[in-house]
4 protein chains.
Amino acid sequence: MIKTAVLGATGFVGQRFVQLLETHPWFEVTLLGASERSAGKPYAEACHWLLDSPMPDALKDLPVVECSPEKIRDVDLVFSALPGNLAGPLEAKLAQKGLKIVSKASAHRMEDDVPLIVPEVNPGHLALIGVQQERRGWAGFISTDPNCSTVPLAMALKPLMKYDVQRVHVATLQGLSGAGYPGVASLDALGNVVPFIAGEEEKVQTECVKLLGTLNGDSIQTAGIEVSASCNRVPVVEGHMENVFVEFQSEVSVNQIKKDWATFDHMHHPKLPSAQKPIQYLEQENRPQHRLDVMAGNGMTTTIGRLREDGPRRVKFTLLSHNTIRGAAGNGILHAELLKHKGLV
Amino acid sequence: MIKTAVLGATGFVGQRFVQLLETHPWFEVTLLGASERSAGKPYAEACHWLLDSPMPDALKDLPVVECSPEKIRDVDLVFSALPGNLAGPLEAKLAQKGLKIVSKASAHRMEDDVPLIVPEVNPGHLALIGVQQERRGWAGFISTDPNCSTVPLAMALKPLMKYDVQRVHVATLQGLSGAGYPGVASLDALGNVVPFIAGEEEKVQTECVKLLGTLNGDSIQTAGIEVSASCNRVPVVEGHMENVFVEFQSEVSVNQIKKDWATFDHMHHPKLPSAQKPIQYLEQENRPQHRLDVMAGNGMTTTIGRLREDGPRRVKFTLLSHNTIRGAAGNGILHAELLKHKGLV
Amino acid sequence: MIKTAVLGATGFVGQRFVQLLETHPWFEVTLLGASERSAGKPYAEACHWLLDSPMPDALKDLPVVECSPEKIRDVDLVFSALPGNLAGPLEAKLAQKGLKIVSKASAHRMEDDVPLIVPEVNPGHLALIGVQQERRGWAGFISTDPNCSTVPLAMALKPLMKYDVQRVHVATLQGLSGAGYPGVASLDALGNVVPFIAGEEEKVQTECVKLLGTLNGDSIQTAGIEVSASCNRVPVVEGHMENVFVEFQSEVSVNQIKKDWATFDHMHHPKLPSAQKPIQYLEQENRPQHRLDVMAGNGMTTTIGRLREDGPRRVKFTLLSHNTIRGAAGNGILHAELLKHKGLV
Amino acid sequence: MIKTAVLGATGFVGQRFVQLLETHPWFEVTLLGASERSAGKPYAEACHWLLDSPMPDALKDLPVVECSPEKIRDVDLVFSALPGNLAGPLEAKLAQKGLKIVSKASAHRMEDDVPLIVPEVNPGHLALIGVQQERRGWAGFISTDPNCSTVPLAMALKPLMKYDVQRVHVATLQGLSGAGYPGVASLDALGNVVPFIAGEEEKVQTECVKLLGTLNGDSIQTAGIEVSASCNRVPVVEGHMENVFVEFQSEVSVNQIKKDWATFDHMHHPKLPSAQKPIQYLEQENRPQHRLDVMAGNGMTTTIGRLREDGPRRVKFTLLSHNTIRGAAGNGILHAELLKHKGLV
């Protein structure tokens with residue numbers, strides 16, 4: 001078993017890591033990192049558990065460790081669910097010391113030599129790890145996960161890139177868990193929509209073109225597509241829905257796109273423990289729906305529906321993805337499994 | 001006072017007409033039409049009242065009348081909130097008999113000689129009434145209101161037409177009241193989004209170009225813009241939000257558009273009883289919101305926010321409108337006030 | 001494997017039976033019964049699936065059978081989730097023909113020779129089955145499950161009966177799934193509470209005293225306690241919460257009651273497949289909560305919290321139970337497992 | 001016009017005071033007090049406005065004043081919506097200085113010489129003001145409003161006291177606005193019930209017997225009834241519902257109680273500006289409901305329904321009240337109107 005740390009373990013995404021790793025065949029959580037305020041307390045006391053399955057018994061008494069460069073040690077793998085501002089310097093110091101970090105934090109995502117990975121979309125981008133280690137002289141490395149609303153959009157678009165995607169308009173309807181805890185106040189959530197999420201649109205727009213870009217020697221050449229997002233918080237606990245309008249340069253066929261999605265998976269290698277069918281397409285006219293579809297493939301499958309032509313060389317469709325599993329902890333774990341498969345962890 | 005009938009008076013939109021007309025200075029409700037099943041019962045008994053202000057006392061004991069051509073009489077004005085399938089033949093017979101009908105039903109909206117009106121957007125289209133009466137030999141007429149999600153979109157786009165709008169992508173987040181009662185099942189609504197509303201996208205797409213079209217002799221020349229909609233039902237009671245992406249042929253300026261919206265109103269005449277500022281723009285980055293803004297201008301004002309450039313000759317913004325007031329009964333009443341002002345009622 | 005029918009298989013509770021039986025070690029669903037309208041259609045087509053895990057593949061193509069005495073055959077066990085009015089005559093005919101029926105329907109619950117069972121509470125009441133068969137001359141039998149809000153109340157009260165419970169006041173906060181589909185209209189559910197559920201209070205009050213009664217020869221002597229309920233529908237999908245006030249004739253101790261609950265289980269025999277810890281008590285002051293606790297013990301465990309003294313010989317507490325698992329399909333399956341264990345199926 | 005301060009003006013209840021006083025015929029808001037952090041800022045900037053009607057234009061530019069004894073001056077009346085811990089010492093200092101304070105804060109409610117007032121229930125208790133001024137040597141005074149869930153319970157019970165109420169069990173379903181802003185996290189509110197509100201049950205239990213007590217010379221003799229509460233937070237924005245079980249020593253009749261409620265009002269004097277019918281009883285079996293009834297009497301009327309016998313000398317019923325109007329700002333304003341009517345302001 002690979003000794004594993006979860007940083008930001010008391011937050012909502014940190015809890016998802018802990019939950020999903022409870023019975024993992026390769027990774028064993030041996031260190032839980034959180035803020036100085038929680039340090040020293042048993043996890044059960046430090047953490048206001050928010051998930052609907054109980055906290056793993058094995059971790060209830062594990063003392064939480066402060067997220068400092070000195071205290072995070074004796075592990076082979078680190079999952080970071082730290083807030084962006086803390087993650088930046090800490091992750092760099094840990095990687096320098098030799099730790100191998102899969103980070104959900106936004107701090108390093110857009111750096112040239114840092115991979116930004118959805119395993120089924122761009123596994124080849126992991127080659128940047130070597131570049132990073134050489135360039136920075138690090139024994140360890142940082143490899144990052146995208147923002148939660150970027151992940152499924154990149155999954156849906158990747159198989160369509162061969163039709164020369166030109167422009168993408170996406171309006172998101174995002175679940176409340178994406179804001180963490182306490183996050184959105186209930187008076188702002190109940191029977192209401194907030195049509196703004198700080199920094200979200202920029203993340204979708206910039207991360208998507210990196211994810212869909214091509215590895216060119218030592219760097220990623222970003223995809224030549226324009227992505228424009230409009231992001232909304234809706235009164236749903238888990239799940240991000242996206243209404244997507246795509247304009248292509250080539251002719252497209254709705255039937256062919258469905259086939260492309262059905263067979264999509266660029267992660268060519270034996271099945272990894274957390275791997276699921278990346279995309280399922282539902283033919284019913286009123287799907288996907290959060291309540292029915294968010295747990296498809298244990299929360300790892302992106303569900304798409306309502307694909308329709310929208311004039312020449314245009315289509316529109318709706319997708320749904322679990323934001324704290326596929327959009328966060330689940331993607332990170334699959335990402336780490338791929339690293340192990342490649343011998344990088 | 002003008003004697004007024006409300007048809008479909010026991011439905012949600014019918015109730016809004018009854019509520020908004022309670023203290024109207026010109027129109028007095030003297031006839032409440034509903035299905036045969038309700039006929040003869042006092043309104044208080046026939047109607048499962050759903051609004052948060054009480055049913056008007058004056059109408060509680062008024063017996064409901066069956067919506068048949070024979071029974072709907074002795075009124076000068078008819079507001080129709082009938083279901084589309086019933087509305088078609090009945091409204092035609094009533095108009096033939098001489099009744100003046102402002103209809104929220106979709107049945108006649110797209111007919112060449114039937115006006116489709118948002119008073120501040122296309123008051124000149126009322127000239128079709130003369131065409132209709134002459135062509136059909138009717139003593140009365142039918143003039144229609146658009147679909148609830150079309151109304152605010154047309155309001156927001158009208159002042160932008162001078163910049164040669166080419167294409168509009170709109171993703172809607174629509175309140176539950178738009179589906180009437182019982183309408184959407186709570187198991188489909190609570191903590192969920194349904195990304196489909198039967199017929200809605202087609203209505204937005206076709207009605208918008210008629211509304212924004214120009215009167216050309218005896219007919220409307222539809223606007224030469226492409227509108228593509230993706231419609232969603234969200235767990236909110238009242239209010240339709242729309243994320244709008246617009247592509248222009250001309251250069252546009254965000255500041256100029258805000259000025260255009262601030263001064264927008266094509267209904268040039270003395271103030272009508274239900275008239276309010278048509279559009280308000282909010283500068284806060286997280287507005288509009290259903291809970292805070294849906295009642296702006298007594299539910300008659302469309303609130304817009306988040307206008308931003310989206311590449312050359314493109315903008316995106318978010319709007320919110322009250323679907324059963326501005327999108328239904330309120331628009332119908334303002335529409336009738338305009339008819340009276342023009343001497344048509 | 002025991003061939004098993006689910007009647008009312010397209011309803012919400014029927015779907016729970018189908019879901020929970022998918023991988024059951026003893027019971028195999030071989031017949032799905034529904035209304036005449038659905039008869040002949042494959043289950044996937046006849047059923048508007050409402051659960052968040054997918055419909056079992058093995059049943060998607062199984063043609064649904066009409067719920068008539070002739071068509072329900074070739075099975076050894078029947079789970080009935082029929083509406084009360086249909087269940088009465090049909091279940092009687094099927095039992096007469098020799099079928100063994102575990103029914104969630106209310107039709108026969110209060111009949112003298114029909115067991116009303118929560119396995120951990122009153123397994124001994126199954127002795128009524130022999131009485132029933134002899135008295136009615138039936139080859140099969142009907143054994144019933146209580147109403148969904150009665151089940152956890154009876155579980156919580158059973159271990160307290162030794163303190164001579166005199167009077168119980170219970171105010172319920174019940175989830176929407178209890179009303180089936182389409183059930184409660186979303187306009188009545190969202191941001192609202194409906195303080196009335198037809199027939200519910202009477203069921204809680206009468207069923208509870210039968211469940212907690214004692215077998216006395218051929219009949220149940222009802223418990224000598226007064227139960228008074230006030231039932232509310234709250235905007236929550238799954239889970240019934242109950243605020244319970246109990247008055248005793250004997251002295252009670254809060255600590256002793258917690259011990260009584262911790263060790264409670266009158267189903268004395270080897271572990272059955274669906275058996276879980278019947279009651280868990282949480283010490284946190286703000287528990288139980290629907291979102292966190294409803295799935296405790298796979299939805300079979302009743303969670304209790306906030307036990308406090310309320311004057312001499314009085315306590316109050318709050319409980320939570322999954323209404324379509326413990327309160328319906330889950331209780332029925334455990335009930336059937338107990339029947340099999342006793343050789344009655 | 002009486003110059004009036006609102007302390008805690010940026011909070012949810014403070015905003016309600018500001019909203020309800022906008023067009024008040026007697027009281028003019030001339031001072032807005034808030035925390036030091038807000039001091040000096042215009043109200044529109046200092047306050048995150050949360051109500052669905054706009055902030056009064058007249059106050060948008062009024063600089064907010066720090067809530068210190070020196071800064072709160074030049075007013076004749078003070079409405080305090082301060083947090084309990086701040087309210088205690090500050091209100092005492094202000095009253096000593098001569099200010100007349102109607103306080104929603106809990107700090108002084110239970111002090112012997114401080115009135116706790118629901119105007120229709122116990123207007124005579126205002127006689128304590130003289131006692132207070134004499135005993136403390138204050139030029140001004142403090143008169144308090146009860147907790148939001150106590151107010152309607154006391155209103156419903158007051159006319160029943162003549163039947164010798166012995167014991168009251170009440171289970172509350174309370175709206176989110178009662179927790180202020182940001183208050184309850186949306187992840188704790190959406191599709192969930194929290195069965196605990198810190199301090200709430202104690203407040204209901206102790207305040208109720210003071211409110212229903214009788215003035216006996218210089219002090220209140222508390223009512224000899226036992227009140228036991230179980231309080232829950234439900235996903236509703238505004239409105240507290242209460243399921244009430246009452247045990248009497250005397251015989252009671254459901255019909256007589258309805259008459260008692262219909263005629264209830266102990267505030268014997270000419271109509272005050274904010275006075276409304278205190279109690280309305282609805283005969284429909286599924287009322288009251290938050291969405292339909294919370295605004296009854298502009299939020300000042302307590303709506304009761306479902307009164308039913310519950311065995312000998314017992315009844316149960318359900319009530320609903322607007323927690324930030326009748327339960328807070330509205331009760332405070334009516335309270336102040338009564339003070340003015342009595343010449344105390």
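## A loop residue in chain D

Leaving aside its neighbours within four places in sequence, Ser250(D) is in contact with Tyr163(D), Asp164(D) and Arg313(D); contact here means heavy atoms within 4.5 Å. So where does Ser250(D) sit? You'll find Ser250(D) in the loop between strand S11 (240-248) and helix H9 (254-262) of chain D. Helices (H or I, at least four residues) and strands (E, at least two) are DSSP runs, numbered from the N terminus. For a sense of distance, take Ser250(D) and Gln289(D): they are 39 residues apart in sequence and 31 Å apart in space, C-alpha to C-alpha.

A quick word on the model. It is predicted, and local features need pLDDT of at least 70, side-chain atom pairs count only at pLDDT 80 or more, while totals for chains, interfaces and linings use all residues. Residues are numbered from 1 along each chain as its sequence is written, chains are lettered from A and ligands numbered from 1 in the order in which they are written, and side-chain values use heavy atoms, with hydrogens and water left out.

## The sheet in chains B and C

Let's look at chain C. Six of its strands make an open sheet, ordered S3-S2-S1-S4-S5-S6, and the pairing is parallel. Two strands pair if DSSP finds at least two bridges between them. At the edges are strand S3 (65-66) and strand S6 (141-144) of chain C, and each of these pairs on one side only. In general, strands of a sheet pair through backbone hydrogen bonds, either parallel or antiparallel. Strand S1 (residues 2-7) of chain C is joined to strand S4 (residues 77-80) of chain C by four bridges in the parallel sense. Look along that pair and you'll see Val6(C) standing opposite Phe79(C) in S4(C). Helix H1 (residues 12-21) of chain C lies across S1, strand S2 (27-34) and S4 of chain C, and runs at about 155 degrees to S1(C). The axes are lines fitted to C-alpha atoms, for helices over the stretch in contact, and angles run from 0 to 180 degrees between N-to-C directions.

Now hop over to chain B. Its open sheet of six strands has the order S3-S2-S1-S4-S5-S6, with parallel pairing. Strand S3 (65-66) and strand S6 (141-144) of chain B are the edge strands, each pairing on one side only. Strand S1 (residues 2-7) and strand S4 (residues 77-80) of chain B pair in the parallel sense over four bridges. Which residue is the bridge partner of Leu7(B) in S4(B)? That's Ser80(B).

## Helices H1 and H11 in chain A

In chain A, helix H1 (residues 12-21) packs against helix H11 (residues 325-341) at an angle of about 50 degrees, with their axes 9 Å apart. H1(A) and H11(A) are therefore oblique to each other. As for the cut-offs, angles under 35 degrees count as roughly parallel, over 145 as roughly antiparallel, 65 to 115 as roughly perpendicular and the rest as oblique. H1(A) passes H11(A) in a right-handed crossing; a crossing is left-handed if the near helix is turned anticlockwise from the far one by less than a right angle, and right-handed if clockwise.

Which residues make the contact? From H1(A) come Val13(A), Arg16(A), Phe17(A), Leu20(A) and Leu21(A), and from H11(A) come Ile325(A), Ala328(A), Ala329(A), Gly330(A), Gly332(A) and Ile333(A). Sort the residues of this contact and you get eight nonpolar, two polar and one charged. Here Ala, Val, Leu, Ile, Met, Phe, Trp, Tyr, Cys and Pro count as nonpolar, Asp, Glu, Lys and Arg as charged, and the others, Gly among them, as polar.

## Helices H6 and H8 in chain B

Chain B has a helix pair to check out too. Helix H6 (residues 150-157) and helix H8 (residues 200-211) of chain B pack at an angle of about 45 degrees, with their axes 10 Å apart. H6(B) and H8(B) are therefore oblique to each other, and their crossing is right-handed.

On the H6(B) side, Thr150(B), Leu153(B), Ala154(B) and Leu157(B) meet Lys203(B), Val204(B), Glu207(B), Cys208(B) and Leu211(B) of H8(B). The residues of this contact divide into six nonpolar, one polar and two charged.

## How the copies are arranged

Two copies of a chain are related by a rotation about an axis and a shift along it. Chain D can be laid on chain A with an RMSD of 0.0 Å by a turn of 180 degrees and a shift of 0.0 Å along the axis. The two copies are thus related as by a two-fold rotation axis. Copies are superposed by least squares on the C-alpha atoms of residues with pLDDT of at least 70 in both. Of the residues of chain D, Ser186(D) comes closest to the rotation axis, at 1.9 Å (C-alpha). And 100% of the interface residues of chain D are also interface residues in chain A, so the copies meet through the same surface.
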